[in-house]
Amino acid sequence: MAESPTRDVTALPETVRYARRHMNFGWWSLLLFVSLGIGLESLHGFKVSWYLGVGEETRRLLWRLAHAHGAFLGLVHIAFAVTCKEREGDGQTWRTIASPCLIGASVVLPGGFFLGGVNVYGGDPGLGIALLPLGAVLLFIAILLTALGKSSSQVSTRGEKPRDSTRRKRGR
Amino acid sequence: MTIELIAILLVLCLSVIPLFTLTGRARYAGLLILLGGAGLVLAFGLQMSQVQATRAAYESNAAERPLEIPEDGFISSRTCRACHPREYATWHASYHRTMTQVATANSVLGDFSEVSLSLHGQDVRLFQRDGKYWAEIQEETEERTQVGEHEVVMTTGSHHMQFYWYSSGNDRELGKLSFVFLLSEQRWVPADSTFLRPPNFIGSTVHGQWNLNCINCHTTHGKPGIGLEGESLKRSGIRSIETAASEFGIACEACHGPAEDHVRLNKNPLRRYALHVNQQAEDSIIQPEMLDAAKAAQICGQCHSVHLPKTNEDVRRMMAEGFAFRAGHDLLSPDSERIVVRQGMEDPAIEKAVERDPSYFATLFWPDGMVRVTGREYNGLLDSPCYQHQDAARGIMTCMSCHEMHPPRDDPRSLTSWADDQLKAGMRGDAACLQCHTDFRDNEALAAHTHHLINASGSRCYNCHMPHTTYGLLKGIRSHTVNTPSVEESVAAKRPNACNLCHLDKTLQWTAGHLQRWYGISPPPLTGEQRKIAASILWTLKGDAGLRALMAWHMGWRPAMEASRADWMPPYLGLLMTDPYDAVRYIAYHSLLKHPRYGNFKFDFVSTEERDAALKRVTKVWAASQDRKNWATGEELLTRDDGTMLKNVISSLLQQRDERPVLLNE
């Protein structure tokens, strides 16, 4: 029996691996939060009182924020993947930190909003909202590093040879 | 609505633009995007201008009316909303909120589309101009008659009727429109017709009633600003009537007290979450349910009571600064600025009130001291044994035993349904009393106590112990003094007893006999009429206007109609529709509409012309009914066996009618 061919992901260039990871994460994230959006619309459609009832403004707001942040961050992941591919030749430092930060923020931010809306205290969200500062910091770091990485890449591509270890490896 | 539709169409148009790009006509797509975007901006602008117009109407007449300024530690419901959305939303649905409103398109319920009215020879024209509401009023001075245009700036009420106030031209002083918009009939009627007042009674048209009186209970932290002592006056330095309130309507801080400190403290999220997580009680604000029964009830009692300022100094201070009472204070304290008036009390303030108006007590109380007008429920509570015992172990009745200001999440009723009387869910029935009187949760015990079938209206606690002997808002309202029915109360205090308010076809003798057999209550001496003629008919024919109003209402009350075989009632309702009191005619007419064959009956209770004709029409329909032979007859109903009425007896009783003027100060 012939051995089925397996793909060694680690053998792929690092930029491609990052791009693939974020592209996958982004689309699955979009699927998840679009589903949440459909769920929220259904709650509206069926006039579910614990979502639409008098005084449930806080829950509605937080779950809408969870949906919006989740879906938006899904798009950011796709953009991040495109950015990774586009900047195949630049250094990897920014990517290795920005990538986990972005993934962490994409879980913590919508998750914090969602959990904050499960059990509300009047106008105050539930304790899940405490995750938000962490998520905000992670997202900030991810975007900052990506922006800085992009800037340095623009500078480097003007006059210097790109410093890409994967390319160097391939050359050997 | 139109703007919304335009916006939706524009969005739909924009959504087809990508099709142009597919067909290679991209340049049209750009143009369309531009046009669509401009359209959307225009639609948004129009929508915002409408919102602005409403806001502008709200602010534009501020110079001519009392102001809404949160001060003295009050911060208004707008601040409470952010943290207490549910409480805000439930309050927002209540009639407490809409008790006082600035006259805008959102608040005005009356018809101001060129309406001409006339009362006591005075013509009034109501109209709209520039988004505002106006009253053109014929005013008579000593020299001549002139017509004055006044902007209607404020409204009172939104549940049963709506009153209107116009700027008098004297600072922030308001004048009262002499007509009221009656919501049940969707028509204008004279304001005096909506109260139980003698015929041709002309209510005070003196300007400033709102500033002086209404403001105290119809706003939150109202300050009349009348008099030199007024703080507001001192600040302005020029105005003589600088009326202001922290909030129009009865808002959060009327019951929870000024909230400035509470808000300041809770800006700290750590404090808030410490309270949430530890489920600690918040002590920076008054929470009525955390107070003892007496103080909790006094929060309602600050307005829902018969009260008088104690001294002239208190009067002067109130004219300037309004009520000093705040939630959590002791309304009955010797230091209180006001006295809650009760029969038999000796107090200089009461003596002065009686000196000014010898009928003071009669306008508010039954002869035995039970309050008889609505809006004074705290007096009823004070006189109820369920409150008086003050034994916490047994449970002390308070307003919150049956009512709630914020229905819970699981309340199945709509907010509109709840807002009608703000009762807790299930409190229309026996549940209210069974909270403490647990013995009667057992059906057999209940039936043994009531001597009625379990499901009969006679087995409902309220019907016997809180009958509709209070009058107000053109209807009978449940007494809030919990008492035991007796014939004695009907004879001595001339107040209808609960039994005869349901068994309208029975005599006092009949009731006395049952009460003696069932409960051992000794019957009082009765006259021949009281022994032979149904009590309701005696009250209808011989009673004063207050009694007639209650009889008219009960003849349309479903449980009484069912218990008394309603078929004999229309002629008596027809008779009450000829009553000299407008309010009695209104109530009689609305009760008649509930009877078979009269559902479409037309009658103008204000008109002076059609009363006798209406009686004839009512009698004609009644006499022509085919199934008349099956109807209730008998001497107690003043009808012969063949269904004809004993007109001579009726005329004789009518001649004995208590014609003393009745004025009930609801």
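The following is a working chat about this predicted model.

Trainee: What should I know before reading any values?

Mentor: This is a predicted model, where local features need pLDDT of at least 70, side-chain atom pairs count only at pLDDT 80 or more, and totals for chains, interfaces and linings use all residues; side-chain values use heavy atoms, with hydrogens and water left out. Residues are numbered from 1 along each chain as its sequence is written, while chains are lettered from A and ligands numbered from 1 in the order in which they are written.

Trainee: Chain A then. How many helices and strands does the secondary structure of chain A come to?

Mentor: Chain A has 6 helices and 0 strands. Helices (H or I, at least four residues) and strands (E, at least two) are DSSP runs, numbered from the N terminus.

Trainee: And what percentage of the residues of chain A count as buried?

Mentor: Of its 172 residues, 42% count as buried. Buried means under 20% relative accessible area, exposed over 50%, and partly exposed in between (1.4 Å probe, protein chains only).

Trainee: What about contacts in chain A with a separation of 6 or more? What share comes from residues 24 or more positions apart?

Mentor: That share is 73%. A contact means heavy atoms within 4.5 Å.

Trainee: Switching to rings. How many aromatic pairs are there over all chains?

Mentor: A search of the whole structure finds 20. A:W50 and A:W63 form one that is edge-to-face, at 6.0 Å centre to centre and 80° between the planes. Rings of Phe, Tyr and Trp (its six-membered ring) pair if their centres lie within 6.5 Å; planes under 30 degrees apart count as stacked, over 60 as edge-to-face and the rest as tilted.

Trainee: Which class does the pair of B:F163 and B:F195 fall in?

Mentor: The ring centres are 6.0 Å apart and the planes at 45°, so that pair is tilted. B:F163 lies in strand β7 (residues 161-167) of chain B, and B:F195 in the loop between β10 (187-190) and α5 (209-218) of chain B, 32 residues apart. B:F163 counts as buried at 12% relative accessibility, and B:F195 counts as buried at 15%.

Trainee: Which residues form one aromatic cluster in chain B?

Mentor: B:F112, B:Y133, B:Y164, B:F181 and B:W188.

Trainee: Where does the charged end of B:R129 sit?

Mentor: Over the ring of B:W134, 4.5 Å from its centre. B:R338 likewise lies over the face of B:F323, at 3.6 Å from the ring centre. A charge sits over a ring if NZ of Lys or CZ of Arg is within 6 Å of the ring centre and within 35 degrees of the ring normal.

Trainee: Back to helices. How many residues of α4 in chain B are buried?

Mentor: Helix α4 (residues 85-92) of chain B has 6 of its 8 residues buried, namely B:P85, B:R86, B:Y88, B:A89, B:T90 and B:W91. Those buried residues pack against α3 (57-86) of chain A, together with α3 (77-83), β12 (244-248), α7 (252-256) and α16 (415-419) of chain B.

Trainee: Last one, B:R65. Where is B:R65 found?

Mentor: B:R65 is in the loop between α2 (26-60) and β1 (67-68) of chain B, and counts as buried at 2% relative accessibility. B:R65 and B:E659 are 594 residues apart in sequence and 41 Å apart in space, C-alpha to C-alpha.
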